[in-house]
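Try each one before reading its solution.

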Amino acid sequence: MISQEMKILGLIGYPLEHSISFMLHNFAFKQLGIPAIYLNIPIPLESICKALEGLKYVPLYGLNVTIPYKELVISYVDEISPLSQRVKAVNTIAIREGRWYGDNTDVPGFIKTLEDLKFPKDIPYLVLGAGGAGRAIGFSLAEYGVQKIYITNRTKEKGENLIKDLKYYYPYLKLEFIPWEEKEGFSEDYFILINTTSLGLDGRTSPFKIDKFSKDKIYFVYDIIYNPYKTPLIIQAENLKIPWKNGLDMLIYQGIFAWKNWFGIIPPFELLKKEGDKYLCAF
Ligand code: ATR
């Protein structure tokens with residue numbers, strides 16, 4: 001039942017057809033008795049600035065931000081967490097008396113998934129993408145303590161900026177930029193591949209020609225897309241018998257950590273994981 005006391009939260013991004021956040025949050029609100037509603041707020045690029053200015057006058061309680069606005073929203077928040085400032089990306093906004101507080105829960109969310117699976121720290125990581133999500137993954141890997149990160153991005157400047165920022169905060173981390181067109185010539189003996197680009201969301205495109213590599217060169221493929229549950233990249237990895245992971249756990253962790261900003265509590269991971277798996281027909 002929707003009442004006047006309902007807290008209104010939502011997700012800003014574009015497009016949002018792939019997103020299941022509204023379903024997970026609304027499910028958790030119901031299970032835990034929180035009087036709140038979570039909406040998809042798809043805003044196309046041409047109207048995002050006006051929309052954000054307008055949203056400042058709407059009595060919202062909290063927001064999530066996704067592709068492609070995680071960097072842009074920084075100029076619209078009144079206060080920003082030190083982590084978001086470092087990463088230069090905001091994915092969670094808590095709103096109190098009209099003031100917007102921006103935080104980044106992608107970083108602790110992704111780190112938690114690395115810890116859960118005990119990802120190795122001594123194998124090089126090749127990260128595809130340096131947008132808002134790519135920046136969060138780069139900082140997560142650095143914070144987790146990996147030794148070497150290669151970053152490739154279609155727009156060279158963004159990839160190099162991420163390397164520059166990581167070097168500033170983690171001077172001992174080994175970092176290297178690889179031009180997008182040269183990534184399939186990657187020559188490390190054994191590495192972990194992480195896709196943070198939006199390539200694969202359409203269920204047709206793969207960001208990486210994985211068949212150029214023999215299966216004993218790639219230790220693990222991690223695609224942070226979760227819908228489709230298996231992207232073309234993951235299907236290729238699976239065919240090559242390379243272990244893989246999609247972005248569902250990261251989505252859930254960043255979502256439950258966002259609750260800490262909004263409500264001061266963290267809902268149980270397993271509750272949402274079960275619901276997410278069910279929704280994405282993972283069985
Ligand atoms: P998010 O905040 O979710 O990371 P984003 O900042 O728009 O969204 O980043 C999208 C990522 O996908 C970027 O790395 C982007 O590359 P550019 O920085 O060159 O834009 C990458 N990407 C999107 N479409 C792409 C394409 N067709 N080919 C290669 N990379 C692409």
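This is a predicted model: local features need pLDDT of at least 70, side-chain atom pairs count only at pLDDT 80 or more; totals for chains, interfaces and linings use all residues.

Residues are numbered from 1 along each chain as its sequence is written, and side-chain values use heavy atoms, with hydrogens and water left out.

**Exercise 1.** Find the buried residues of helix α4.

Step 1: Locate α4 at residues 106–116; helices are DSSP runs (H or I, at least four residues) and strands likewise (E, at least two), numbered from the N terminus.

Step 2: Apply the cut-off for buried, under 20% relative accessible area (1.4 Å probe, protein chains only).

Step 3: D106, V107, G109, F110, I111, T113 and L114 are buried.

**Exercise 2.** How do α4 and α8 lie relative to each other?

Step 1: Their axes, lines fitted to C-alpha atoms over the stretch in contact, come within 8 Å and cross at roughly 130 degrees.

Step 2: Angles run from 0 to 180 degrees between N-to-C directions; under 35 counts as roughly parallel, over 145 as roughly antiparallel, 65 to 115 as roughly perpendicular and the rest as oblique.

Step 3: α4 and α8 are therefore oblique to each other.

**Exercise 3.** Which residues have the most contacts inside the largest nonpolar core?

Step 1: Such a core joins buried Ala, Val, Leu, Ile, Met, Phe, Trp, Tyr and Cys residues through side-chain atoms within 4.5 Å.

Step 2: The largest has 34 residues, and F110, L141 and I194 have the most contacts inside it.

Step 3: α5 gives the most to this core, with seven residues.

Definitions and conventions: Buried means under 20% relative accessible area, exposed over 50%, partly exposed in between (1.4 Å probe, protein chains only).
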